[in-house]
Amino acid sequence: MAELHFRSTAAIATFCFCPDDKTRVPLGENNGYINASYIRTKVGEEEHFYIITQGPLPSTVADFWQMVWESESDLIAMMTKEVELG
């Protein structure tokens, strides 16, 4: 499964999401890299599949949307208190 690393300094605390090769989401025909992993969980008798990733950087937005398209994602959920422009 994916590893989450916690890094803290006096000023900031951040998570570093590092996908495992066994669960990472391959990108395109050449299995390119994107910082994302598949997550599988069972709820009762049903098995659910998710992709976990960080928000894309300006330089990786196209890769993010390629991943969404190729994985035929039905839903995107942002789990943060992001505030733009204040």
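1. A word on terms before we start: a residue is called buried under 20% relative accessible area, exposed over 50%, and partly exposed in between. Glu 47 has a relative accessible area of 43%, so Glu 47 is partly exposed. Please keep in mind throughout that this is a predicted model.

2. Now the overall layout. The protein chain holds 1 helix and 4 strands, and from the N terminus on these elements follow the order β-β-β-β-α. Of the 86 residues in the chain, 14% are buried. The accessible surface comes to about 7,500 Å², and carbon and sulfur atoms account for 56% of that area. As for contacts between residues at least 6 apart in sequence, 22% of them join residues at least 24 apart.

3. How far can you trust the coordinates? The mean pLDDT of the protein chain is 79, with 78% of the residues at 70 or more. Confidence is highest in α1, at a mean of 93, and lowest in strand β1 (residues 3-8), where the mean is 46. Over residues 1-8 pLDDT stays under 50, although the model gives this stretch 26 contacts beyond four places in sequence. Where pLDDT is low, the predicted coordinates should not be read in detail.

4. Next, the charged side chains. Searching the whole structure turns up 2 salt bridges. One of them pairs Arg 40 with Glu 47, whose closest N and O atoms are 3.3 Å apart. Another salt bridge joins the side chains of Arg 24 and Asp 21, at 3.9 Å from N to O. Asp 21 has a relative accessibility of 66% and therefore counts as exposed.

5. On to the aromatic residues. The whole structure contains 1 aromatic pair. Its rings belong to Phe 64 and Trp 65; the centres are 5.1 Å apart and the planes stand at 80°, so the pair is edge-to-face. The cut-off behind that label is an angle over 60 degrees. Phe 64 counts as buried because its relative accessibility is 11%.

6. Finally, a question about the surface: which residues make the nonpolar surface patch of about 290 Å²? They are Val 61, Trp 65 and Ile 76.

Terms used: Residues numbered from 1 in each chain as written. Heavy atoms only, no water. Phe/Tyr/Trp six-rings, centres within 6.5 Å; stacked < 30°, edge-to-face > 60°. Buried < 20%, exposed > 50% of the residue type's maximum accessible area, 1.4 Å probe, protein only. Salt bridge = Lys/Arg side-chain N within 4 Å of Asp/Glu carboxyl O. Patch = residues over 30% accessible without salt bridge, like charges linked within 9 Å, V, L, I, M, F, W, Y side chains within 5 Å. Areas by Shrake-Rupley, 256 points an atom, 1.4 Å probe, with all protein chains shown as cover. pLDDT = per-residue confidence, 0-100. Helix = DSSP H or I, 4+ residues; strand = E, 2+ residues; numbered from the N terminus. Contact = heavy atoms within 4.5 Å.
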